Structure formats: structure tokens, C-alpha cells
Amino acid sequence: MIIPLAHRADQTQEYYFSVKLAEVRRLQAAGHDVINLGIGNPDLMPSPNTIDALIKSVQQPTAHGYQPYKGTPALRQAIAAFYNHTYGVPLDPDTEILPLIGSKEGITHISLTFLNDGDGVLVPELGYPAYRAVSAMVGASVREYPLMENNGWQPDWDVLEDIIANTDPRHPVKIMWMNYPHMPTGAPATRALFERAVRFANDYKLLLCHDNPYSLILNKKPPISLLSVDGAREVAIELNSLSKSHNMAGWRIGWMAGEKPYVDSVLAIKSNVDSGQFKPLMDAATEALTNSDDWHRERNAVYQGRLDAIHALLDALGCTYSTDQEGLFIWAKLPDSVPSAEALVDDLLLTKHVFIAPGFIFGPKGNRYVRVSLCLPRERIEEATARLKMPQ
Ligand SMILES: Cc1ncc(COP(=O)(O)O)c(C=O)c1O
């Protein structure tokens, strides 16, 4: 290459799945039937009324132009109604909701909005890779915070306080990323955890960014929003998404919820980068947000059946796991006999044509773990298990 890259491109590596799924496609092109349990890409359909709304909307002559930067008022009202119904959190649809092209986009725009060069960002030592990658991309200083396996993968607040105490005041910690139900460990959200986090954010005047895409997937208790906690609104914003909870990952519809000044500030950046979303997507999302509690229960019943099959697959690998996990994945520890997650994952892909995610892509602490997704029919998971049991 003749033209030198910007430092941020030099430092940023292509997303693991972007590289690995190309390898999966090469194997498929060579005629191999790869069972992909790596990525959280729901295979189930959105609700029928969602699809109908899309078709109806796309036929309207008014559907094809630029849309409001803040999304349609109907979408924002539907999000507000969903938040009220699901979490008991009232939001002003005009001022406290910003539709996003998936919550991944929000991570970038929030980071661009709040972080100066060198500012501290707290990211969980195991977590969605974009928190770390985007923080580094905008020149912030990434501070990993530990999660305690023996305490439900919750943050170690003493260590967090030490990190703050040892921070150069010229570059304060500005943002803490958090995500419960937690990906990849499946640790559930609890009100006590959220209250502790809000206290921490208030004590140290940092923005608590909670990423909440899994609250409706295999949740054992009613779902919680961080914004339902007293004192959260001053210091917290929440990302949410239709990707997992409504089987709409490819539609790229999410949103940020928070107080008006936070929403306005992110919008100021975002409106210079993209120009809103396609109206039929927003109309269909508006409809999807009215899916009944029964619809969500039926989806979870399908996942529950798959979960049993995944436990059998993990047993065949000799892995150990908690049965209390929530969300779209199962996180499991390797047996001592396996040298590393990378070795196991590469071996399974090449010899059995079964792909699962190695834990290290969520942080170095994940090197002795794997993550298996619930996004394939039960029969395919059982077939994967049968392949594992077959002699080489
Ligand atoms: C924790 C977490 N946050 C955000 C996302 C991205 O969601 P979206 O599809 O809304 O961009 C994912 C996707 O896997 C995720 O696991």
C-alpha cells in the first residue's frame, strides 16, 4: 500500500467475525456443511405483522425520501410505549429517544460525543468487542475493569474505585460501559447491581452507558432497564435494539434512551454522519414493538429447547457452564485437557465443520472459554453434537 493509514486504522484490527466468517464461507464454497454456532444472528422470523407493515409501507410513494434525523415520531412513540410496558420506564418520545442504525452504531456516536483524546473509558474485561475498539479508535484510554466469576460476573467495585483514584485528573474517566444480561457470560441483570452502578457513576461523575439488547431473551425474572433505578437519569443512557429480541438483526434498528441533553448531543454528531433510516424499516419496527408478551414467550420456548441441546453439546466437549445464563448464548469453560479456546475452535471448524466462538475475542480473560449461540434449529445443534462424538 502506498498511502499511509491514519493511526486509528493502523491500530484497529478487522472484527474477528468478519475474518472468521470468510473462512466459514470458503469451507462452504468447497462443499462442506458448516454448522455455525458462533454468531448471535437470530434465524427465527420477525412477527408476521412486522413483515406486513414493511410491505405496506414500501409501496407508499412517500416512503422513499430522506426521513427525520431523529426517526419518525411513530417509531419514537412505539419505543416509549415499549419501554413503559416492558420496564415501567416512562420516556418522552420527543426528547428522550434517539433511533439508531443498531446499537453498535450508538457505541461509536456516543464515544465521539463524549470522549476527548486520552479520556478514560471503563470497559469490562469480558464484553462486546466494540466498546474497546471504538474507545481506542477515538483516542480514548481504555481501562479494563475486572468481572468476578465467583460473584455472577459482576464488576469488582473496589478495583473500579482504585482505577478512578489512580487516574490522571487531566484525563478523567468519562464513560463506563456495562451490559447486563451480560454478553458473553450470560450473567443476569439485578436491581442491586444497577443501583450500585448508578451510585458509582454519581460519585465519580461519569456517564454510565448501559447496553441492554438481551433483557427479553431467556430472562428468568421480569426484564430491567438501568433507567428504572433512582438517580440513573442524570448519569446514564441506555442502548437497546430489535436485533435479538425481535429477530431483526439485519434490519439495523436500535435506539438510545436518556435525558434530552444526552440525546441532543449525540444527535448533533450523528446527524453529520448518517441521514436516518429507511421509512419502511421504521414503520415495520414500529409494528414489531407491539409484539405481544405471548410472542416473546413463544420465541423463548424455542430457545429453551435449543438450550438443552447446547448443554448436551458442551457436555460432549467436556465443558462446564452455569445453567442460570440469560441471553442468546451459552458461555462455557474448557476442560483442562484442551490447550486453548483458539486451538479447540480451529480444530472443530476444520475437522468437524462446527464453528463456535472462542472466548478470547471478548477479552483475554476469555481464553479458556467458548461461547455457543442459540441461533440454529435444535436438529442442527444435535447434528453438531453427533459430529463431535464421531471418531476422527
Ligand atoms: C452486547 C451487545 N451489544 C450490542 C450488540 C449489537 O447490536 P445491534 O445489532 O443492535 O447493533 C451486540 C450484538 O451482538 C451485543 O452482543
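An unreviewed UniProt entry annotates residues 33–388 as "domain: Aminotransferase class I/classII large". In the predicted model shown here, that stretch of chain is 41% helix and 16% strand.

Turning to the ligand, 14 residues surround it, and the closest are Asp 211, Tyr 214, Ser 241, Ser 243 and Arg 252. By type, the shell splits into five nonpolar, five polar and four charged residues. Two helices, α5 (103–114) and α10 (242–245), each put at least two residues into this shell.

Some of the contacts can be picked out atom by atom. The side chain of Ser 243 has an N or O atom 2.6 Å from an oxygen atom of the ligand. At Ser 103, a polar backbone atom lies 2.8 Å from a ligand oxygen, while Lys 244 brings a polar side-chain atom to 2.9 Å from an oxygen of the ligand. On its own the ligand would expose 400 Å², and the protein buries 92% of that.

Then there is strand β12 (residues 329–333). Four of its five residues are buried, so the strand is largely enclosed by the rest of the structure. β12 pairs with strand β11 (residues 320–321) through two bridges, and these strands run antiparallel. Here Thr 320 has Lys 333 of β12 as its bridge partner. β12 also pairs with strand β15 (residues 369–373), again antiparallel, this time through five bridges. In that pairing, Ile 330 stands opposite Val 372 of β15.

How values were computed: Residues are numbered from 1 along each chain as its sequence is written. This is a predicted model: local features need pLDDT of at least 70, side-chain atom pairs count only at pLDDT 80 or more; totals for chains, interfaces and linings use all residues. Side-chain values use heavy atoms; hydrogens and water are left out. A residue is near a molecule or strand if one of its heavy atoms lies within 4 Å of it. A polar contact is a pair of N or O atoms within 3.5 Å; within protein, one must be able to donate a hydrogen and the other to accept it, and residues adjacent in sequence count only if both atoms are side-chain atoms. Accessible areas come from the Shrake-Rupley method with a 1.4 Å probe; for residues, only the protein chains shown count as cover. Ala, Val, Leu, Ile, Met, Phe, Trp, Tyr, Cys and Pro count as nonpolar, Asp, Glu, Lys and Arg as charged, and the others, Gly among them, as polar. UniProt positions are given in the numbering used here, feature names are shortened, and annotations may be inferred rather than shown by experiment. Buried means under 20% relative accessible area, exposed over 50%, partly exposed in between (1.4 Å probe, protein chains only). Two strands pair if DSSP finds at least two bridges between them.
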